[in-house]
Amino acid sequence: MRLWSISLRNLRVRVVATVLTTASIVVATALYAAILVMAEQTEERYKGSIGGYQAVVGPKDASQLELVLNTIFNVGEAPALFPLQVAMDLRAGRVSRRGQVRYAIPQARGDSVSRHDFPVVATIDEMFSSYEWQGAPLPFAAGGPFAFAWDDLLQLGEDLAAYENARRSGAAERPPRPRLRPEWRKAVVGARVARTLGLELGGTITPVHGKMGEFGYHEHPEAACEIVGILQPTNSPLDTTIFLPLGTHLLIDGHEAGVFVVEIPPGKNPDDAKKLPVAAARIGLTAIVVDPKDHLGARILRTEFGSRPDAQVAWPQDVVPKFLRDIGNAADVLTAIAWLVLLVASVSITVAIYNTMNERRREIAIMRSLGARRLQILAIITGEAALLSLFGALLGIVTCHLAALLLRDTVEDMTGVYLDWLRFRPWELWLVLGVTGVGAAAGLLPAVKGSMTQVADHLAANY
């Protein structure tokens, strides 16, 4: 009989101890693998998602991390508003010669859709023609982009400013407030939005203000938009984003207070802001997606905007790696905890096998009398520990992937990270081999004790 088959028989004989010990190894291995998978896919998600964002312009008072997370990864709330004048200066090349840009796409946020809180991003159609994802415009699985150009935004801003100034001055005759045109009530949705909500071309989505179940939550039925485009999956935050024309956002009921950013002169009462005149250039934005022409353009813009009072520039290629290093530190702590759990599991292997040595001495003595050498006895007992660890490690890897399958939607909703449960990595094989080796080492002490069994003493009659 082969040595490994004897080891398997011994494990079957002590099935309760085998199951309990294997379970501890499964937990340790699954925990360790889950930490590595989450850390790895988080890093891939965040690093892979910044490829189309060379620079992001946002409000001055926000942190650069807050600005990048909200604009690129749909994490958190929009920090504040800043004026459209910033985008106008960038697009007109008024920043500097080396700070010129290929495009500057304005965005405004604040609403969402459904209980999943899919963010609504109001923008212009350059998001689908000029912005590039992995070197090409955003790919569509069905349909195409809506039509709302930069010139439409400027004209709408002029009309809104004319109406608002007349209202603020109390003029008897005032121009009508611009109406939400039917051609602006269009939407482009990400792949996961369409899949989760069962949306198709021609369907309708309605933006909501606030989060479901919280105070102030209400729908905007006047801004219900027809779906004209569904993006292809990108495994990025774009999959969970809903794009609307910026004109729709500005004309939604209840957004009037946030349409314009008004500077309060020194010495003025903040309440007087409601009476100060406004202009199209003061329309409020939450971010501008920028692609500088210079290869060092992001750094140049960040330096030049350092003295500008109304906005700042964040460089995602600098902000995101720092953020991931912080995440990595937390992952290292969790990894250490997983290794401690694995150490406890290996100790349980030692204890479980060591405690059976006394009752197995007669069995070992019989094997020795039949010709088994000490080295073979050592191999059999060490093999039991190695097999326990091997089975536990394999089940731990399977458990990790099953957990990724069952929890992927929840994890993506909470963190924005998509878990690819079918993807197996080379380090998983090394993890299985490592756990098996640790288990075999844990079985050495009882194996040595078993191999030292004296044949004559334990074959004597037991009276």
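Which residue just after α6 takes a positive phi? In this predicted model, glycine 170 does so, with a value of about 75 degrees.

## Helix α6 and its length

## The buried residues of α6

The residues of α6 that count as buried are Trp150, Leu153, Leu156, Gly157, Leu160, Ala161, Tyr163, Glu164 and Ala166. An α-helix has 3.6 residues a turn, so residues three or four places apart point the same way. Among the elements that cover the buried residues of α6 are the helices α4 (85–91), α5 (126–129) and α8 (246–251), together with the strand β3 (101–113).

## Two asparagines with positive phi

Asparagine 74 lies in the loop that links α3 (64–73) to β2 (82–83), and, although it is not a glycine, its phi is positive at about 60 degrees. Because its relative accessibility is 19% and the cut-off for a buried residue is under 20%, asparagine 74 counts as buried.

Asparagine 235 likewise has a positive phi, here of about 50 degrees, without being a glycine, and it is located in the loop between β12 (225–231) and β13 (242–245). With a relative accessible area of 45%, asparagine 235 is partly exposed, whereas asparagine 74 is buried.

Definitions and conventions:
Residues are numbered from 1 along each chain as its sequence is written. This is a predicted model: local features need pLDDT of at least 70, side-chain atom pairs count only at pLDDT 80 or more; totals for chains, interfaces and linings use all residues. Side-chain values use heavy atoms; hydrogens and water are left out. Buried means under 20% relative accessible area, exposed over 50%, partly exposed in between (1.4 Å probe, protein chains only). Helices (H or I, at least four residues) and strands (E, at least two) are DSSP runs, numbered from the N terminus. Contact means heavy atoms within 4.5 Å.
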